[in-house]
Amino acid sequence: MPTLICDCNQTMPLDAKALGTALREDLTLHSTLCRREAGAFQAAVRGPGEVVVACTQEQRLFGELGQQTEGAVAPVRFVNIRETGGWSRDAREATPKIAALLAMARLPEPPPVPTVTYRSGGRALVIGPVDAAERAAALVSDVLDVTVFATGPGQAGGAQARRFPVLGGRLRQITGWLGAFEIRWTADNPIDLDLCTRCNACVAACPENAIGLDYQIDLDACTGHRACVKACQVAGAIDFQREAEEQTERFDLVLDLRAADATPTFVQHALPQGYFRWDGRDPGVLLRLRDMVGEFEKPRFFQYKQKLCAHSRNEQIGCRACVDICSAEAIRSEPARQQIQVNPHLCVGCGACTTVCPTGALTYAYPAVPDLGQRLRTVLSTYLAAGGKAPVLLLHSQDAGQAMVDELGRAAQLKLAHGVPASVIPVPLWHSASTGIDLWLSAIAWGARQVAVLTTGAEAPQYLDGLRAQMDVAQTLLQGLGYTGTHLHLLQARTAQDLDALLRPLAAQRPAVPAVTARHAAVGEKRSTLDMALDHLIAHTPLAAAQQPEAIALPAGASPLGSVVVNADRCTLCMSCVGACPASALLDNPQAPQLRFVEKNCVQCGLCVQTCPEDALSLVPRLLLGPARAETRVINATKPWHCVRCHKPFGTLKAIEAMLGRLSGHPMFQGEALERLKMCGDCRVIDLYSASGETKVTDL
């Protein structure tokens, strides 16, 4: 895969020989690759392999040049090494980082995933005051089929010439997404807008001025003169006896002109595709609305494995982390089906649900964890092999985060900022919330000194809470294992200047990391990746054997690791918890009345606690060190109960005694009936059939 590097006007101190050594390729440094030296680009794209071009500024020009090149068959990828590394005050030390960025760009694209399809015929609903709604409708009506829902007259009222269908009444609900919005409203006004001709006779006739130029009656102001009815006899649009009707209609697009804080239409942070709010200022909103006609696809960003899900068992709710954190309200609970349901049309691909999922039942699909893990491993291994020291991964979104990094690079070139430090490696993600504890700890094991997640203010508040909670758990683990310093950071920046001030202290820190880098790869199972990272961190802890704790206490509520404690005085070994455990952490023993536990499997979902009828269980978030974590251990046991007739063991001593204690006062369980509760199933039937005082089926 040939790599083409261009440094226009020699604004970056690039070392082509060192970069070529790191990438194992002979590199030539160009200065005008898109113009005078375009022949080198054309020769490269005629080859069979993919081409990496280290220039994003002239990406469009390179695309046109490739189309004009006869025999050009090679796909082209573009990577930014200028704002991310070459434009910085310490750019002369950035060669390892630039090599890492080039190596990441050379990795193969993730395999395709299933897609989600939207189909829009361009039927749009504009909601707002009728004057503003009709003005907005006029701006898009050449490409969209527009209907107006009037919420009042506004300042000028409706135009005299009615150009668009107008709906009115009390808006109840809007649900759906691009191509499938359903609007529910109550038509509760005496004026039927379909029949109204806007002759204004009713407005002139009303003595209370209760009729506005939205041609709806303010019933609070109306005192019942009914002069408007007489004025509208020809059209017959006014009828005070008309019953309010619930109505529904479907639209492909919705443009809402109402203030966001004044309407409860969609309260979630991430709005559905095809729904736009507009305050009349940003013309880009209308431009995007006009383009929403046709068929559209997006990746199906998630994969869900119900058998791993710790959300529900026996209609008891355990973990609901994904439901609580989703900013698009795309995830709902279905306890009756023992699962959660994710609506792919509402999902925006943020990945926050996969970050907080303790079991890996929800995983990020594009890019998948193995692909993202390979990117991080490649970046870190290339950086370290090229002589880089103390790498810091800066994980940021590919839109707002990338724009902020680019702006910081330009400010550094103009001597207005320091720029991205040489040891800070920016890695773009679809969304900043899409990585979690498994990849963060793996990155530390692979050689990163620190991992920083950049947020720009566009994220939902619950995302920040979720990221902080996960970072608290990961940082507690690292410190408990003796890795001093702060390894994980949540950076909140609104401007490039904010980011500049946050990055410089990170570059100066040197938290402790394993002396040997890990060799494991990230896999599709979250728990497996996490376990491999933990095993490496434990194996290379800087603590002496005598200093290592037996267990590391973790923050409650967010920990995916921990133990279960049993109150032996309460537990009757009914094994309800075993049936509820989704991770096979709690086990019974077919040979003896024992409750067993494998701590490595426990995800701290709380289903066992919710299910236990005796309130005998509690969770203890922690990481148990040593081999005992993976071993099966008995956490409660009791003697078996023996049948009083045949002496065969059945049930447990505590369970039978508890049953006898609760039923001894019941009138149905007195005398011989109470004694039968002490028998096994076979003996109970025999005794019931042979008892002289019992009525038998054959006697009926």
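Biologist: What ground rules apply?

Modeller: This is a predicted model, so local features need pLDDT of at least 70, side-chain atom pairs count only at pLDDT 80 or more, and totals for chains, interfaces and linings use all residues. Residues are numbered from 1 along each chain as its sequence is written, and side-chain values use heavy atoms, with hydrogens and water left out.

Biologist: How many salt bridges are there?

Modeller: The count is 28 salt bridges. The rule is a side-chain nitrogen of Lys or Arg within 4 Å of a carboxyl oxygen of Asp or Glu.

Biologist: What does Arg290 pair with?

Modeller: Arg290 forms a salt bridge with Asp142, N to O at 2.7 Å. The pair links distant parts of the chain, 148 residues apart. Arg290 is in helix α9 (residues 283–290), while Asp142 is in the loop between α6 (130–140) and β7 (145–150). Helices (H or I, at least four residues) and strands (E, at least two) are DSSP runs, numbered from the N terminus.

Biologist: Is Asp142 buried or exposed?

Modeller: Asp142 is exposed, at a relative accessible area of 55%. Arg290 is partly exposed, at 27%. Buried means under 20% relative accessible area, exposed over 50%, and partly exposed in between (1.4 Å probe, protein chains only).

Biologist: And Arg258, what's its partner?

Modeller: Asp256 is the partner of Arg258, with the closest N and O atoms 2.9 Å apart. Arg258 and Asp256 are both buried.

Biologist: Which residue does Glu334 bridge to?

Modeller: Glu334 bridges to Arg332, and their closest N and O atoms are 2.9 Å apart. Glu334 counts as buried because its relative accessibility is 12%. Arg332 counts as partly exposed, because its value is 49%.

Biologist: Which residues are linked in a network?

Modeller: Salt bridges link Glu50, Arg77 and Glu109 in a network.

Biologist: How do you define a pocket?

Modeller: On a 1 Å grid over the protein atoms alone, a cavity is a set of points where a 1.4 Å probe fits but cannot get out. A pocket is an open set with protein on both sides within 12 Å along at least five of seven lines, and lining residues have an atom within 4 Å of a point. Grid points are joined across faces, edges and corners, and a volume is the space filled by probe spheres set on the points.

Biologist: How does the lining of the largest pocket divide?

Modeller: The lining of the largest pocket has 16 nonpolar, 8 polar and 4 charged residues. Ala, Val, Leu, Ile, Met, Phe, Trp, Tyr, Cys and Pro count as nonpolar, Asp, Glu, Lys and Arg as charged, and the others, Gly among them, as polar.

Biologist: What lines the second largest pocket?

Modeller: The second largest pocket is lined by 19 residues, with Leu271, Pro272, Gln273, Gly274 and Val348 nearest its centre. Its space is about 560 Å³. β13 (275–277) and β14 (294–299) each supply at least two lining residues. The largest share, 3 residues, comes from β14. By class, the lining has 13 nonpolar, 3 polar and 3 charged residues.

Biologist: What about Pro461, buried or exposed?

Modeller: Pro461 counts as exposed, at 52% relative accessibility. Pro461 lies in helix α15.

Biologist: And what do the buried residues of α13 pack against?

Modeller: They pack against α4 (82–86), β21 (392–397), β22, β23 (450–455) and α16 (496–508). Among the buried residues of α13 are Met404, Val405 and Leu408.

Biologist: Last one. What is Leu61 in contact with?

Modeller: Leaving aside neighbours within four places in sequence, Leu61 is in contact (heavy atoms within 4.5 Å) with Cys34 and Arg35. Leu61 lies in helix α3 (residues 59–67), and is partly exposed at 24%.
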